[in-house]
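Thanks for coming. Please have the viewer open.

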Amino acid sequence: MPEIRVTPLGAGQDVGRSCILVSIGGKNVMLDCGMHMGFNDDRRFPDFSYITRNGRLTDFLDCVIISHFHLDHCGALPYFSEMVGYDGPIYMTHPTQAICPILLEDYRKIAVDKKGEANFFTSQMIKDCMKKVVAVHLHQTVQVDDELEIKAYYAGHVLGAAMFQIKVGSESVVYTGDYNMTPDRHLGAAWIDKCRPNLLITESTYATTIRDSKRCRERDFLKKVHETVERGGKVLIPVFALGRAQELCILLETFWERVNLKAPIYFSTGLTEKANHYYKLFITWTNQKIRKTFVQRNMFEFKHIKAFDRAFADNPGPMVVFATPGMLHAGQSLQIFRKWAGNEKNMVIMPGYCVQGTVGHKILSGQRKLEMEGRQVLEVKMQVEYMSFSAHADAKGIMQLVGQAEPESVLLVHGEAKKMEFLKQKIEQEFRVNCYMPANGETVTLPTSPSIPVGISLGLLKREMAQGLLPNAKKPRLLHGTLIMKDSVSSFQLVSSEQALKELGLAEHQLRFTCRVHLHDSRKEQETAARVYSHLKSVLKDHCVQHLPDGSVTVESILIQAAAHSEDPGTKVLLVSWTYQDEELGSYLTSLLKKGLPQAPS
Amino acid sequence: MEPAEDWLVESLRLYQDFHAFDLSEATRVLEWIGDKGVFVAGYESRKKNEILHLTLPFRLSVKENQGLFPERDFKVRHGGFSDRPVFDLKHVPDTRLLVTSGLPGCYLQVWQVAEDSDVIQAVSTIAVHEKEGHLWPRVAIFSSVAPGILHGVRLSSLKIVDLESQKTMYTSGVSDSDELSSLQVLDAHTFAFCCTSGRLGLLDTRQKWAPSENLSPCPGSGGGRWCAEVGGRGQGPGPHIASLGSDGQLCLLDCRDLSHPVSSVQCAVSTPSPAPELLRVTWAPGLDNCLAVSGFDGTVQVYDVTSWDGMGGQAEPLFTHRGHVFLDGNGIDTAPLVTTHTWHPQKPRTLLSAASDASLHVWDWVDLRASC
C-alpha cells in the first residue's frame, strides 16, 4: 500500500525542538534538527534512537534538510552528524549555510565556556558538519538521487529561511519550517505555487494565534526608545549582526527624521562590516525596499546613525546604541551593559530569545543582581524590555498558505490534538482536506494513490475501438492486454497479447471452456435451440445474439448447442462453450441458462 | 502609507498602549468572559460563521514587569461554527454557556464552551415565537443559580425564559409593538429596555408591567433610531442613562425621572449614521462620568459628561480613536465602520473596538488633561 509516513521526533509538546522524519516513496528524509533551548540535558536533543534502531543513520536517511538558521531548527545538527554519526548530504539555502556555523559556534562557546558543559560538540565538529552541506537556490530543483528531488521556496521570517518541497515520483510533501505571510521591513512574504502536495507540514502554534500587527510592535519599540531618550537616558539594543538590526535602524532613522530628534544613534562597526558582507552576498533575499537602499547607497550611510566608538559609552546625555553580541554574553554589548546597568533612567531592549547561561537570559528572567567575573555583583537598575520582532504566520496566514499550495492533507506538529478540535474542523471544512496532529514520537501514515502512467499501443487501441460500442463512464468495457515493464522502472506499456507473445517469442495458446446445462424439455433439439435463442435475444439486448443455420446459438463468440440426452428423452443438454477472453459472459450465460427457459406459449 | 505612518507617530503621544489585529472575519460582537477573554463572532449570511473565544495577550493582565512579556498576540482558545450570522452574543455568568441571536430571528441558540477541548458546541435552542422577517431578538441574561434569558423583538414579545427548563417565567403582557433595540439586566429583578423609537423604560419583574419610562424620546429628535445604556449604579451622583440617536443626538437621563432628560448634546460625528443598527453607547466601568460612542464612522469617541447641562449644544469628545481609519491595510476605498466596542472591565482607559474590515483594536488612551 503506497503511503507517506511522518514522525515528529523528541519528547514533549512544546515548540523548540523541530525535527521531523518523513518516509516517502521508499526514501527517508529528516526535516530540521533543532535544539530545545529550555533543557540542559539530553531532553534538548530530538530522540534519534527512533531512527538509529534501524541501523546506521547514513544508510537509513537519504538526506537532511535545514529550513533556517535559528537554533531551534539547526542547533542539534553538529551533535547529530558528528556525535551520533551521519555522513549523508545536508541541504540548506546559501544564507543559512553562511550564518548557521556562526550561531552554532556562539552557542557552543556559551555552553562550554559559560556553563562548563562537558559532552558538547566542538568547533571542529561544527566545521566537519558544515562540510557535508549542499547549498541550494530558491526554486531550483535539486536531484538528491535519481528518484528523490527537493526544491526550496521563499519563507520570509529570517534571512535564508525556506520552505521545502520533497518529491518522489508523483508523491510530494511540503515542509514550511517557520514562515510569515506579511512582508516586514527587510524581508518579503512567503510564497509557494499551486504545487498540490499530498501533504503540507506546518507548526500548529501559528494556527491558534492572532498576531498583533507589525506596526504596533514597531510603535511599542519607538515609544520605549523615545521615552527613555526624552528623560535623558541611554538605550542599549544588543543585536546579532544581521537582519533585525537593519530593520530597527531604518525604523529609528525614519522616526528621528519625522520627530526631529537630536539624540545620537550609534551602530557598532563590527556589525557594519559583517552585515555589509552578508548583504552583498544575499541581496536577493531581502525585499525590494532594502535592495534599493543598498544599491543606491551603502546600507549604513544613515543620516542620523553613526559608527560607535567605545569611548562614547561614557558620554553624558541620551543616546541609542546597537551592539553585538545579541545575548549580552560577551564583547561590546556586555561592556556597555555593565556601564549603564546601574542607572534607572537607562534601558536595554532585548530583541529576541536568549540562551540559558547568558546575561541576557538572566535579566529577562527578572534577575536584578548579577554575579560577574571576580565575584563582582552588578545591580541592574536600568529598565529591561523584551520585544519579539520575529515574524511568524498566524491563523489567517496558515489558511492563506494552505490556499496557495492546495495540499491533499495538512499535518500540524507541536500541538495537543485534543485541544485543537476546532482548528482541525476549520481546516477540514475550509479546504476539504484531512488534518493530522501527531504527538511527538507518534507516526502518522497517509495512504496515497500515486498515479502510474501507462502507455497503450496504438494497434490495441484501434482494435478495441473497431469492435464498436465505445465505453462510457457508466458502462466500462473490459479490455484485454498485457502490461509490460521495460528498461527503467517507471515506464509501463499496455500492448495486445499477440504483440506481447511475439516480443517474448512464445506461441499463442487458445483456452476454451465448455459447460453442460441440463434442461427439462421433451421437444426436439432444434426447438430447444430456438427457445434458447428467443430467450437470450430478449434478455441480452446489448449483445449480438444469433441463430445459426445449423441450429446453434451464438452470443458474441460464445457457442451454445442443444443436444438430446443419451438416456432421458425428456431432458436436453445444452453445450455452452466460450474462450478464456469471454469468461465473464460465459459464466453469466451458464447461470442464466441453469435457471431454465420461460414457458413457451402453447 | 504616509498617513498611516503619521498617525502611528501621533499615536505615541495619544496612547499608552495599542494593539491591532486582523480577524479572519468581521465581528459585531465583543463579549467579555472574566477580564482575560472575549468572544467574537462572524455575521455573514452566506457562509458558516466562526464564534471564537480569544484570550488577551498576557502582558495586558500583568501588573508588574510588563516589559518582560514580549507576547502581544491573541490566542484562539475555543472556536465553534454557526450556520447563521451572529448579531448578538451573551455569556451566561458562572457557566460555560453562551446565547446567540441572529437571523432568522425565530430562535436563540445556546452553546457550550468545552472544558477539555477547544470546541464551542451548539447544545440547544430557545424558541422565539415571532416570524419577523429581518428583525432579530435582543438578549440579556438574568444570572443566578437558575439563569433566565430575557429576550424579545418587540415590547409585546418580551419574555424571560428559564434556561434549563425553557419555561417562561415572565411576559410583558402588553400589546405595544415598539421594536426593541437593546435590553440590559440591572440586578436580580430589574431590567432596562430601549426601543428604536427612543422610548425607554426600567422594569421590576416582580410586578406586573409598570415601567418607569419616558413616553416620548428626547426633544428635537425627528425619528431616527435609538439605543441606550444604563451606567453602573455605584458610580456616584449624576444621570446614569445615556441614550444615543442615529442623528448624533446623545441624551442623559436620570433613573428617577425618565420623562425629563438632564441634558442632551450633539455628538461630533458625521450624521446620520450609515448603519443605525450598529450604534453603541457604553459607560466606562472604571472612570466617573465617561462614556464611549460608536457606529457613525470608523471612529470611537470618548466623552466626559461631567458638567453637561442644557439641551442641544455641541459636545467635543475627550478622545477619538481613529486607528480603524488610518490602519485600513486593504486600501479599499470605502472606509471601515466600527461595528462594536467595549471597555476593559479592570483597566480604566482600555477599550476594545472592532470594525467592518475585520480589524480588532485594543487601545489604552492617554487623558491629555491629566498630563497638564
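Which side chain meets that of Glu406(A) in a salt bridge? The partner is Arg196(A), at 2.8 Å from N to O. By salt bridge I mean a side-chain nitrogen of Lys or Arg within 4 Å of a carboxyl oxygen of Asp or Glu.

Before going on, the conventions. This is a predicted model, where local features need pLDDT of at least 70 and side-chain atom pairs count only at pLDDT 80 or more, while totals for chains, interfaces and linings use all residues. Residues are numbered from 1 along each chain as its sequence is written, chains are lettered from A and ligands numbered from 1 in the order in which they are written, and side-chain values use heavy atoms, with hydrogens and water left out.

Back to that pair. Glu406(A) sits in the loop between helix 14 (395-405) and strand 21 (409-413) of chain A, and Arg196(A) in the loop between strand 10 (171-175) and strand 11 (199-203), so the pair links parts of the chain 210 residues apart. Helices here are DSSP runs of H or I with at least four residues, and strands are runs of E with at least two, numbered from the N terminus. Glu406(A) has 28% relative accessibility and counts as partly exposed. The classes are buried under 20% relative accessible area, exposed over 50%, and partly exposed in between, with a 1.4 Å probe and protein chains only.

Next, Glu373(A) and Arg338(A), whose side chains meet in a salt bridge at 3.3 Å, N to O. Because Glu373(A) lies in the loop between strand 18 (369-371) and strand 19 (377-379) and Arg338(A) in helix 12 (residues 331-340), the pair ties together parts 35 residues apart in sequence. Arg338(A), at 30% relative accessibility, is partly exposed. Asp59(A) and Arg56(A) also form a salt bridge, with the closest N and O atoms 3.3 Å apart, and both residues are exposed. Over all chains the structure holds 42 salt bridges.

Now the interface. How many residues of chain A are in contact with chain B? There are 35, and they touch 41 residues of chain B, contact meaning heavy atoms within 4.5 Å. The two chains bury about 3500 Å² between them, 55% of it on carbon and sulfur atoms; buried area is the accessible area (1.4 Å probe) that two parts lose on being put together, summed over both.

Seven salt bridges are counted between chain A and chain B. In one of them, Arg59(B) pairs with Asp220(A), the closest N and O atoms being 3.7 Å apart. On the chain A side, helix 8 gives the largest share of the residues touching chain B, seven of them. That side divides into 13 nonpolar, seven polar and 15 charged residues, where Ala, Val, Leu, Ile, Met, Phe, Trp, Tyr, Cys and Pro count as nonpolar, Asp, Glu, Lys and Arg as charged, and the others, Gly among them, as polar.

There is strand pairing too. Strand 12 of chain A and strand 5 (residues 74-82) of chain B pair in the antiparallel sense over two bridges, and DSSP must find at least two bridges for a pair to count. Thr209(A) stands opposite Lys75(B) in strand 5 of chain B.

Last, one loop residue. Pro272(B) lies between strand 21 (263-266) and strand 22 (280-283) of chain B. Its relative accessible area is 60%, so Pro272(B) is exposed.
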